[in-house]
Amino acid sequence: MKLIKHGRNVHELNFDSKDVKIAFLSDVHWDNPKCDHELLKQHLDYCLKHDIKVFLNGDTFCLMQGRGDNRRNKSDIRPEHNNARYLDSIVETAVEWFLPYAHILTVIGYGNHETGIIKYQETDILTRFVDLLNYRSGSNVQTGGYGGWLIIKNHDGSTRLSTKVKYYHGSGGGGVVTKGALNLTRALEMYEDFDVFTMGHIHENSARNDVRESIVHNPKNGYRSEQRPLHMMLTGTYKEEYGDGDHGWHVERGAPPKPLGGRILTIKMVRKQKDGSQSYYNKVDSHLFNI
């Protein structure tokens, strides 16, 4: 896979195959004691074994236990980070932990936890992590944006297709009843010309398919209407905050247990014959880590 950066938040991923799988993870909160490191390792090991590239859509880190942070709690810091170099130690230990997976990581976007540290501590932890990880591994991991685009290209030797992914870390608190459905509907109104939309932040995990009608031009048959499928994804968290429901910020604000884990996006090149002509398109879907 070749990764090309077209802008701060626009990246192109070129694959030498007609069928592609990419893991979409978000809200890992790696440095929080409530992060399920065992589940995260299981999922990344699966990607490593099957050569599935990985995209991280924000809040890779939690970063809430520094001096002056009103959210800090003595029980929410890992022992290895409980020192006078809190932020530095997170970067250094995270690089060691993610080092075996460096060559399957592609783009890592920002979440509100990373941008909050830029705002209040005046340091970019995500860029520091990516720079040190690339230095240690010789890989080419890139930082993305809080929102941005991934252009995924696949080919079978003669035909090359592209799938445009609009990513956004997310906003709002999510709804106990709607579980992010409104966020996906808002995305349909805000963004154009995408094939896949993905969002994290609200710690839900689901997917749905929408369809839009458009007009296309074919040199042989002229203009005709066409239905365009759109795949909409919400990716879950790796931070298990509910526990037994006894107490804590998550429980006291009335939030329910949340699904853990990301999703695997599958892109398959399919041949289509219509009106005596042959063409190809990408069939897009996603699923949970069923391992």
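The legends below describe close-up views of a predicted model. Residues are numbered from 1 along each chain as its sequence is written, and side-chain values rest on heavy atoms, with hydrogens and water left out. Because the model is predicted, local features need pLDDT of at least 70 and side-chain atom pairs count only at pLDDT 80 or more, whereas totals for chains, interfaces and linings use all residues.

**View 1. The open sheet of six strands.**
The strands of this open sheet follow the order β6-β5-β4-β3-β12-β13, and their pairing is mixed. Its edge strands are β6 (142–143) and β13, each of which pairs on one side only. Strands are DSSP runs of E with at least two residues, helices are DSSP runs of H or I with at least four residues, and both are numbered from the N terminus. Two strands pair if DSSP finds at least two bridges between them. Strands of a sheet pair through backbone hydrogen bonds, either parallel or antiparallel. Strand β5 (residues 105–109) pairs with β6 in the parallel sense over two bridges, and V107 has Q142 of β6 as its bridge partner.

**View 2. Strand β3 and its two neighbours.**
Five of the seven residues of strand β3 (residues 19–25) are buried, so the strand is mostly covered. Buried means under 20% relative accessible area, exposed means over 50%, and partly exposed lies in between (1.4 Å probe, protein chains only). With strand β12 (residues 263–274), β3 pairs in the antiparallel sense over six bridges; here K21 stands opposite T266. With strand β4 (residues 53–57), β3 pairs in the parallel sense over four bridges, and F55 in β4 is the bridge partner of F24. From β3 the chain crosses through helix α1 (residues 37–49) to β4 in a right-handed β-α-β crossover. Right-handed means that, with the strands pointing away from the viewer, the path from the first strand over the helix to the second runs clockwise.

H29 lies in the loop between β3 and α1. H29 counts as buried because its relative accessible area is 2%. Beyond its neighbours within four places in sequence, H29 is in contact (heavy atoms within 4.5 Å) with C35, D59, T60, F61, C62, H113, H203, T237 and K239.

A search of the whole structure finds one cavity of 30 Å³ or more. On a 1 Å grid over the protein atoms alone, a cavity is a set of points where a 1.4 Å probe fits but cannot get out; a pocket is an open set with protein on both sides within 12 Å along at least five of seven lines, and lining residues have an atom within 4 Å of a point. The largest cavity holds about 50 Å³ of space, where a volume is the space filled by probe spheres set on grid points joined across faces, edges and corners. H203, T237, K239, E240, E241, Y242, H250, K258 and L260 line the largest cavity. By class, this lining has two nonpolar, three polar and four charged residues. Ala, Val, Leu, Ile, Met, Phe, Trp, Tyr, Cys and Pro count as nonpolar, Asp, Glu, Lys and Arg as charged, and the others, Gly among them, as polar.

**View 3. The largest pocket.**
About 930 Å³ of space lies in the largest pocket. It is lined by 32 residues, of which E226, K272, Y280, Y281 and N282 are the closest to its centre. Two or more lining residues come from each of β8 (160–168), β10 (206–218), β11 (222–234), β12 and β13 (277–288). β13 gives the largest share, nine residues. The lining comprises seven nonpolar, 14 polar and 11 charged residues.

**View 4. The second largest pocket.**
The second largest pocket holds about 690 Å³ of space. Among its 30 lining residues, M64, K239, E241, W249 and H250 are the closest to the centre. The elements that give two or more residues to this lining are α3 (112–121) and α6 (249–252). Four nonpolar, 14 polar and 12 charged residues make up the lining of the second largest pocket.

**View 5. The hairpin of β10 and β11.**
β10 and β11 form a hairpin with three residues between them. The two strands run antiparallel and are joined by 13 bridges. A207 stands opposite M233 in β11.
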